[in-house]
Amino acid sequence: MAEQDRTNAAPAPHRDLREWIQQAEALGELRTLRGADSNLEIGTITEIAMNAKQGPAVLFDDIPGFPSGYRLLSNSMGSAKRLALTAGLDPNLSEKELMAAWTEKAHNAKPIPVNYVTSGPVTENVLEGDDIDVLKFPTPFWHEHDGGRYIGTGSVDITVGPDDGVVNLGTYRVMVRDKKSVFFYISPGKHGRIHRDKWFDKKEPMPVIVSVGHDPLIFLAGSLEIPYGINELEWAGAIKGEPIDCIKGKYTGLPFPATAEIVIEGYAHYDKLEPEGPFGEWTGYYASDTRPEPWIEIKAIYHRNNPIILGSPPGKPPTELSYYRAFTRSAMIKEEIEKAGCPDVKGVWLHEAGAARLLLVVSIKQRYPGHAKQAAMLACACHAGNYLGRYVIVVDEDIDETNLDEVMWAVVTRSEPAESIDIIRRCWSGPLDPRIPQGKKGHNSRAIIDATRPWEWKDEYPLVARSSPELHAATMKKWGDKLFR
């Protein structure tokens, strides 16, 4: 089937997490496990599934200590098929085709205003006052050294700016404090943290909603570097091709998906802080330790009958997070580099080994002196590539930026350490950076490695000792089936 035809072979849009689960199961991409304990066992099973290349999504049910039907789904977007399903693309696309299809779809996405409704599946149960009890849900103790149970990992925190009214969705960790309150930690510089700082500077309580179970597309939207001012619920509607039905919270007026599984509504206070953490984070370390953080005083909990938590715990790569963000964030960086006027960017890839942040590779066709340096500087300075990066490598167009063997071959054969490496100092980092001593605030540096053929004599650079793409393709067509039976 031609690639242009296959990209249109997407399944019917799923309306909520439950339909997503049905479609994932039909694809053979889901495993249901019964009886796994919420104390470390669910977390370890999830880690095993995420570490397996293209490992399955796992739906946990009959969790000891909780009613049957109170479930948790993990590793939802840890494979190409499930990422395609989430984005409304053909699950049969190869990873290369998926990258191209996603890049095109995200580029053309025009936000669609949400559709406000007064009720939905999530309002089947509304808990207020003495009925509030966040402990009723099977929140896992994910990692052995965590400071508590984290209900918010595949969650989104919904906040609003006190000065501009801009609504933002962000994925920030949420730890259970007690039955009527939860912590929420946000790294400095994130849009939700800027909202929080503005509310607290005014010494006013901050309205916040945490959705902890929903269509994975909502989670995807909340975890991306979507430009400030664009409501991620509207962006998700653009990807889905229809508006997201939303309800306004009774206490905060903030929107949340009507088809969500579990939603927590409340207020955080500038003068109510307690120790939060530690938590095993996306860098693969317990880098942020324990620190005073605000907690949310819960005013209401909304949940469906037999609710489902969406879990996506970070940890040592590879994880679900590092997999799907490699696709989505790489596409955003490529678009931002091109918008800044850098031509002939052939590919961008954030490698899973760097948790889809710390190791960024850009492939270009060199057009002028300084082209490689320009691409590198833009890649590490643009919004999607700026936070907590470490290494940016620029390679020629003959190098597959997604293949770490090819990238490192280019580094060791086309770069000269004394000439090809530049250091940019005092860049945006944060407490999750394991290279910054715990308890310290600080910047980090970026190494830019120019692994392209030197511009001044690139046409005289030694020839590569391998068959041409044309000869390789013709030979594979003739002999491939016999060779790789």
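1. How much accessible surface does the protein have, and what share of it belongs to carbon and sulfur atoms? The accessible surface comes to about 20900 Å², and 52% of it belongs to carbon and sulfur atoms. Note that this is a predicted model.

2. Overall size comes next. The C-alpha trace spans about 75 × 50 × 40 Å along its principal axes. For 485 residues, a compact globule would have a radius of gyration near 23 Å, and the protein agrees with this because its own value is 23 Å. Of the 485 residues, 55% are buried.

3. The protein has 14 helices and 21 strands. Take the contacts between residues at least 6 apart in sequence: 72% of these join residues at least 24 apart.

4. Four cavities of 30 Å³ or more turn up in a search of the whole structure. The largest cavity has a volume of about 530 Å³. Its lining consists of 34 residues, and those nearest the centre are Thr 171, Tyr 172, Lys 190, Arg 325 and Arg 357. Strand S8 (167-170), helix H7 (216-222) and helix H9 (320-339) are the elements that give two or more residues to this lining. By type, the lining residues of the largest cavity divide into 14 nonpolar, 12 polar and eight charged.

5. Helix H6 covers residues 191-201, and its buried residues are His 191, Gly 192, Arg 193, His 195, Arg 196, Trp 199 and Phe 200. Just after H6 comes Lys 203, with a positive phi of about 55°.

6. Some backbone angles deserve a look. Most residues other than glycine have a negative phi, and most peptide bonds are trans. Leu 40 has a positive phi, near 75°. Leu 40 sits in the loop between strand S1 (30-34) and helix H3 (41-51). With a relative accessible area of 24%, Leu 40 counts as partly exposed, because that class lies between the limits of 20% and 50%.

7. Asn 306 is not a glycine either, yet its phi is positive, about 50°. Asn 306 belongs to the loop between S15 and S16. The relative accessible area of Asn 306 is 37%, so this residue is partly exposed.

8. Where are the cis peptide bonds to check? One runs from Gly 277 to Pro 278, with omega near 0°. Pro 278 is in the loop between strand S14 (262-276) and strand S15 (291-303). Another joins Pro 317 and Pro 318, with omega about 5°. Pro 318 lies in the loop between strand S16 (308-311) and H9.

Methods. Residues are numbered from 1 along each chain as its sequence is written. This is a predicted model: local features need pLDDT of at least 70, side-chain atom pairs count only at pLDDT 80 or more; totals for chains, interfaces and linings use all residues. Side-chain values use heavy atoms; hydrogens and water are left out. On a 1 Å grid over the protein atoms alone, a cavity is a set of points where a 1.4 Å probe fits but cannot get out, and a pocket is an open set with protein on both sides within 12 Å along at least five of seven lines; lining residues have an atom within 4 Å of a point. Grid points are joined across faces, edges and corners, and a volume is the space filled by probe spheres set on the points. Helices (H or I, at least four residues) and strands (E, at least two) are DSSP runs, numbered from the N terminus. Ala, Val, Leu, Ile, Met, Phe, Trp, Tyr, Cys and Pro count as nonpolar, Asp, Glu, Lys and Arg as charged, and the others, Gly among them, as polar. The radius of gyration is taken over C-alpha atoms; the globule rule is 2.2 Å times the number of residues to the power 0.38. Buried means under 20% relative accessible area, exposed over 50%, partly exposed in between (1.4 Å probe, protein chains only). Contact means heavy atoms within 4.5 Å. Accessible areas come from the Shrake-Rupley method with a 1.4 Å probe; for residues, only the protein chains shown count as cover.
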